[in-house]
Amino acid sequence: MAFPHRPDAPELPDFSMLKRLARDQLIYLLEQQHEVDKLYKVENKPALSSSEQLCFLVRPRIKNMRYIASLVNADKVAGRTRKYKVIFSPQKFYACEMVLEEEGIYGDVSCDEWAFSLLPLDVDLLSMELPEFFRDYFLEGDQRWINTVAQALHLLSTLYGPFPNCYGIGRCAKMAYELWRKLEEEEDGETKGRRPEIGHIFLLDRDVDFVTALCSQVVYEGLVDDTFRIKCGSVDFGPEVTSSDKSLKVLLNAEDKVFHEIRNEHFSNVFGFLSQKARNLQAQYDRRRGMDIKQMKNFVSQELKGLKQEHRLLSLHIGACESIMKKKTKQDFQELIKTEHALLEGFNIRESTSYIEEHIDRQVSPIESLRLMCLLSITENGLIPKDYRSLKTQYLQSYGPEHLLTFSNLRRAGLLTEQGPGDTLTAVESKVSKLVTDKAAGKITDAFSSLAKRSNFRAISKKLNLVCGTGMVRGVGGFIPLWSTFLGGNVLERRSWQGLDEVVRLLNCGDFAFTDMTKEDKASSESLRLILVVFLGGCTFSEISALRFLGREKGKREFIFLTTAVTNSARLMEAMSEVKA
Amino acid sequence: MNRTKGDEEEYWNSSKFKAFTFDDEDDELSQLKESKRAVNSLRDFVDDDDDDDLERVSWTGEPVGSRTRPGSFQSLSDALSDTPAKSYAPELGRPKGEYRDYSNDWSPSDTVRRLRKGKVLIFLKRTLSKEILFRELEVRQIALRHLIHFLKEIGDQKMLLDLFRFLDRTEELALSHYREHLNIQDPDKRKEFLKTCIGLPFSAEDSAHIQDHYTLLERQIIIEANDRHLESAGQTEIFRKHPRKASILNMPLVTTLFYSCFYHYTEAEGTFSSPVNLKKTFKIPDKQYVLTALAARAKLRAWNDVDALFTTKNWLGYTKKRAPIGFHRVVEILHKNNAPVQILQEYVNLVEDVDTKLNLATKFKCHDVVIDSCRDLKDRQQLLAYRSKVDKGSAEEEKIDALLSSSQIRWKN
């Protein structure tokens with residue numbers, strides 16, 4: 001059921017070190033203030049405190065600066081003098097200082113940085129908790145966070161040894177890599193001679209594969225995220241799940257034994273599994289019937305606590321399953337999945353378009369409607385102009401005219417576009433197939449500049465056999481995430497992108513592969529089986545699950561994940577939406 | 001563009017306008033030494049004396065080098081150039097003196113104007129190869145995006161709009177201006193603001209959308225005022241029976257239509273609040289209209305109205321039921337609103353696809369339809385199975401028995 005722990009699996013590095021490091025840094029920063037009285041969350045309310053000092057731990061965002069300024073200025077008006085300290089995490093941006101100056105409080109606050117950028121969410125998952133990365137980079141073209149990524153990579157390589165093999169695909173990946181290399185060069189000598197703990201690192205841009213992120217999730221963990229929103233590795237289960245009148249915050253990671261077994265499972269298997277487990281649990285409880293005093297004593301002291309714990313977790317997850325199922329039936333889930341499959345495979349496009357149109361007319365959900373439109377656009381290389389106009393009009397009528405701005409954003413990000421003349425699928429496919437055979441360099445450059453923003457999804461998926469009716473259905477129903485193909489061995493085995501040239505060209509973004517033999521020599525065979533995958537722009541639980549499965553299936557590899565943030569299709573759509581739903 | 005020179009000077013020289021430059025990260029660029037130097041030589045066009053004031057900031061936003069408080073930045077070309085170090089291009093081999101007229105006579109705004117007109121670019125074009133020039137512009141694109149994002153973040157709307165205007169990015173200009181409406185809460189003020197958006201350089205389709213937005217809000221304000229009055233007067237039945245839960249202001253069109261079908265269904269086309277008026281004004285397609293009207297009337301359990309929605313008279317005077325949305329949809333909506341079985345049954349019967357019809361009939365317990373469908377499909381087994389689901393001794397049971405024993409039907413199973 002779960003991925004049983006294989007005795008030959010390579011050992012994962014200890015990421016709890018990252019937490020300790022961060023904690024120490026923060027304590028040091030706070031200690032400079034002498035005493036920390038209370039911790040307030042930065043919200044839109046005035047902070048009521050009688051302390052002589054206020055310390056703000058914030059993200060470097062303008063709105064946070066305005067909040068702080070309003071507080072400080074309010075104090076000034078009230079004639080109060082206090083000391084103010086602002087700690088920026090993970091770093092301070094010049095724009096923030098500028099705003100503080102503009103607000104007239106620059107001289108009143110002292111600033112510091114808490115370079116905490118890596119939060120271990122699980123034994124194999126690190127998050128930078130930067131959901132804003134996606135919008136800032138992929139919509140606004142702002143590269144401010146690439147430095148943060150490079151710093152994080154540098155920290156990782158300092159702690160866990162250098163990485164002998166580096167690969168990447170995507171423009172952002174390339175930039176991050178180059179910046180990171182520069183950092184390494186500047187601080188050369190820190191990692192010299194160390195034994196690498198992780199053999200490979202793979203950087204990926206989110207926009208190289210939007211489709212996977214936009215598909216409905218079918219593994220349990222993904223569905224929990226979709227339904228309840230997992231934040232920083234924990235989730236709030238409301239009363240309908242806890243079967244009481246209280247909400248409960250639950251930490252979801254490998255330590256939750258029940259969760260660990262079902263997290264990567266296809267949802268259709270989960271309920272049956274949980275029921276079985278419930279029966280087993282009951283059987284365990286029942287054992288006490290035939291016990292004597294001594295056995296009973298033993299039972300109560302040793303086992304009961306564990307059983308009770310398991311019972312509690314089980315009932316929570318069963319409750320969660322019920323919520324998820326209720327939501328699905330309400331949304332006519334079957335129909336939805338059918339439409340998604342049709343889009344991926346390229347069949348019945350008219351029917352799918354009608355389905356989406358109806359979805360919008362019925363005002364089912366603004367985010368879901370957008371998601372479906374984007375899927376249609378990406379798989380079809382843009383909507384035909386008639387459909388684009390008609391669906392857009394209907395969307396604005398159903399969900400609000402201000403979404404004109406949302407459409408503009410989606411267009412810029414390449415998520416929802418209109419086909420230009422000569423962009424119809426057949427035209428593109430013939431262009432692309434011609435390119436692959438035509439080696440004349442000049443022609444390729446020209447043709448590619450015209451294909452610049454096209455996703456070429458259909459061509460790629462055909463080349464790599466991504467859409468499968470049966471076979472591996474992990475993570476995403478009936479569809480293999482593009483990453484799996486890259487990480488499934490070819491690139492790693494050959495230490496290069498050879499053999500996947502065509503695909504890379506179709507993706508039309510930068511790629512790189514670099515092996516440092518001096519480092520590789522020092523790497524143990526164990527560490528060479530460990531691969532750190534870095535998602536720039538976010539990744540979904542489904543993708544993580546698919547890769548976990550892939551690692552074990554393809555023979556003895558283990559993946560570790562570093563993402564700018566854990567995401568899902570709803571979050572991606574919300575990031576593009578100009579209007580807060 | 002009718003800006004005075006004074007405005008431009010102010011714009012370029014204001015302390016608010018911060019520069020973003022890049023450390024020379026781009027590998028390819030650093031490889032091409034000519035380009036680096038050539039770009040550096042652009043700085044010759046700018047007054048050298050004010051160099052110290054130029055705050056240079058890395059692309060992360062961190063100030064590079066000294067932390068002096070920023071003065072004005074000098075020119076767009078400087079701001080957007082990718083030059084940490086200054087050096088001259090020996091290959092170009094021309095003494096600085098030859099560009100005296102460039103550096104001294106040009107004010108920053110001049111530089112930019114000429115840049116736009118291509119004079120500087122022509123110079124570059126003559127001395128640099130095409131690839132390098134293209135890359136220079138590309139680099140500027142990145143810097144430009146940072147600038148735009150920054151201006152958006154700090155909310156400097158005026159500067160942002162000026163920038164777009166300057167760059168001739170008319171559509172983005174229009175959209176940025178439009179975006180402001182989200183910050184205006186008062187409906188009348190928002191309506192006035194939307195009016196100012198109408199003439200802006202949107203695309204043709206978007207212009208129509210903006211016009212619709214304005215018209216919609218205008219109507220909503222009228223309807224809202226009127227209905228609030230009616231509601232408080234307490235004389236209108238519909239408002240007494242179903243008090244309004246929220247204001248109609250700023251709701252999407254479809255929601256407004258639903259509201260109108262709910263509270264103002266029978267009104268003539270002449271009034272702003274009538275559904276027919278909305279349909280006409282906003283060119284709402286039949287499908288959407290019928291769907292929404294159905295949802296509203298079904299909620300009110302006004303089955304006659306539902307009936308009328310689908311009934312059309314043909315030229316012979318016979319009535320017939322048609323639906324632009326598929327009767328299975330109709331049935332679902334009726335069911336959701338707890339329509340009585342007879343009504344449901346009638347519409348289930350109208351579903352064209354027999355399998356769907358049978359499924360829905362079974363799901364909603366429309367016995368007669370199930371029985372008739374089984375008969376039509378000549379499916380004995382299913383009919384037999386269904387017998388156990390009907391009440392003992394009921395008319396349906398009798399019907400089933402009659403059919404099962406009928407010799408007229410050639411059952412297939």
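In what order do the strands of the open sheet in chain A stand?

## A three-stranded sheet

The order is β1-β2-β3 in chain A, and the three strands pair in parallel. This is a predicted model, in which local features need pLDDT of at least 70, side-chain atom pairs count only at pLDDT 80 or more, and totals for chains, interfaces and linings use all residues. Residues are numbered from 1 along each chain as its sequence is written, chains are lettered from A and ligands numbered from 1 in the order in which they are written, and side-chain values use heavy atoms, leaving out hydrogens and water.

Strands (E, at least two residues) and helices (H or I, at least four) are DSSP runs, numbered from the N terminus. Two strands pair if DSSP finds at least two bridges between them. At the edges of the sheet are β1 (53-58) and β3 (109-113) of chain A, each pairing on one side only. From one strand to the next, the twist averages 20 degrees. Helix α2 (residues 62-77) of chain A packs on this sheet and touches β1 and β2 of chain A (contact means heavy atoms within 4.5 Å). The direction of α2 makes about 170 degrees with that of β1(A); angles run from 0 to 180 degrees between N-to-C directions, and axes are lines fitted to C-alpha atoms, for helices over the stretch in contact.

Strand β2 (residues 83-88) of chain A is joined to β3(A) by five bridges. Across this pairing, A:Tyr84 stands opposite A:Val109 in β3(A).

## Two helices crossing in chain A

Now look at helix α4 (residues 132-139) and helix α17 (residues 404-413) of chain A, whose axes come within 9 Å and cross at roughly 75 degrees. That makes α4(A) roughly perpendicular to α17(A), a label for angles of 65 to 115 degrees. On the α4(A) side, the contact is made by A:Arg135, A:Phe138 and A:Leu139, and on the α17(A) side by A:Asn409, A:Arg412 and A:Ala413.

## Cysteines without a bond

How many disulfides does the structure hold over all chains? The number is zero, where a disulfide is a pair of cysteine sulfur atoms within 2.5 Å. The sulfur of A:Cys232 has its closest cysteine sulfur 14 Å away, in A:Cys539, which is too far for a bond.

A:Cys232 is partly exposed, with a relative accessible area of 45%, whereas A:Cys539 is buried, at 0%. Buried means under 20% relative accessible area, exposed over 50%, and partly exposed in between (1.4 Å probe, protein chains only).

Key: Parallel < 35°, antiparallel > 145°, perpendicular 65-115°, else oblique.
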